[in-house]
Amino acid sequence: LALNARKHNEPLQTIHSQVVQNAGDRIHRSFRNFFEGRARFPRWKKPHRYNSMTYPQSGFRLNPEKGLLLSGLGYVRIFVHRPLLGRVKHLTIKREADGEWYAVFVTEREGPKKKSLAEIPVERIRGADMGLEKFVALDDATSMEYPGFLRQSEDKIKRLQHHFSMKQNGSRRRLELGRRLDRLHLHVRRQREDFQNKLVHRIFAENDVLVLEKLNVSGMLRNYSLARSISDASWSSFARRAIFKAESLGKHTIFVDPWGTTQFCHNCLWWVPKDLTEREHSCPECGETIPRDENSALLIKRLGILRSPAPD
């Protein structure tokens, strides 16, 4: 459909054919996700909100001396901050809210060989309990509190949002305030990404396996009193980064069912019910008394070990 429209549209003919085809693929994917119940009905995207274009296979070439050659645009100056490893599969040109442009290369290469789970000692396996008071609590009694980046900038966002809503549509001042809001949200997102990247790197620097709960974050967001804090913590993003980091290092990320991980004793598996206000775990059966988050992390690790194959 996109290529057929290109035949009768002269401006579209100046754009590389695969870029136009990729735009059609995005529309098709959006409608398919809607009809299969995974997303809302696709909205019309105005030109100033279309922030990326993709060259799936060809139409680009990186020259260290001249820059990045893009079909239809010519050479573009580029700062290569890391070497390209492996075979380049496709390229996405992306515009961020701060007005900067990025070239995102997707490459394919063979990763490091993974150790078998049966060969990894228990000491190199970490169980992690995700939470709001403590972003992550590990089974070795260490934890990391979440700085709450969105909360830190919340007052400034509200103030800008109020001034933005008072300005006339299409005015120069409204556009400027909109750009300032976009840059502020981008700053919060980058703070969150930096925090999670450093945390994942620190965990895998000392361990070979990370065991996490497979949380239903979309269902948890229905709790409106905690929805903003849950969104700010972005547990799903952390899980994706853990998977990516483990694959790149030849390590493992295991997910377990979160049901009952806060209510069972990690030592004797006795049912110890407790509400959210109780921060200590005291087992009447075996006498174990430890912080609630540490108990959950130890139980998550135990479940992860049970999921791992036994050594031959």
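1. Basis. The model is predicted, so local features need pLDDT of at least 70 and side-chain atom pairs count only at pLDDT 80 or more, while totals for chains, interfaces and linings use all residues. Residues are numbered from 1 along each chain as its sequence is written, and side-chain values use heavy atoms, with hydrogens and water left out.

2. Overall build. The protein chain holds nine helices and 13 strands; these are DSSP runs (helices H or I, at least four residues; strands E, at least two), numbered from the N terminus. Its C-alpha trace spans about 75 × 55 × 40 Å along the principal axes. Of the contacts (heavy atoms within 4.5 Å) with a separation of 6 or more, 57% join residues 24 or more positions apart.

3. Surface and burial. The chain exposes about 20600 Å², of which carbon and sulfur atoms supply 53%; accessible areas come from the Shrake-Rupley method with a 1.4 Å probe, and for residues only the protein chains shown count as cover. Buried residues make up 31% of the 312 residues, where buried means under 20% relative accessible area, exposed over 50%, and partly exposed in between (1.4 Å probe, protein chains only).

4. Nonpolar patch. I27, F31, F35 and F41 make a nonpolar surface patch of about 440 Å². Patches are made of residues with over 30% relative accessible area and no salt bridge, with like charges joined within 9 Å and nonpolar side chains (Val, Leu, Ile, Met, Phe, Trp, Tyr) within 5 Å. A salt bridge is a side-chain nitrogen of Lys or Arg within 4 Å of a carboxyl oxygen of Asp or Glu. F31 is found in helix α3 and counts as partly exposed because its relative accessibility is 31%.

5. Positive patch. R40, R43, K45, K46 and R49 form a positive surface patch; Lys and Arg count as positive and Asp and Glu as negative, with His and the chain ends not counted. The place of a charge is NZ of Lys, CZ of Arg, CG of Asp or CD of Glu. K46 lies in the loop between α3 (17-35) and β1 (52-55) and, at 47% relative accessibility, is partly exposed.

6. A137. This residue belongs to strand β8 (residues 136-138) and is buried, at 4% relative accessible area. Leaving aside residues up to four places away in sequence, A137 touches G127, A128, D129, T142, S143, D293 and A297.

7. N295. Located in helix α9 (residues 292-307), N295 is buried, with a relative accessible area of 0%. Beyond four places in sequence, N295 touches T261, F264, C265, H266, H281 and I290.
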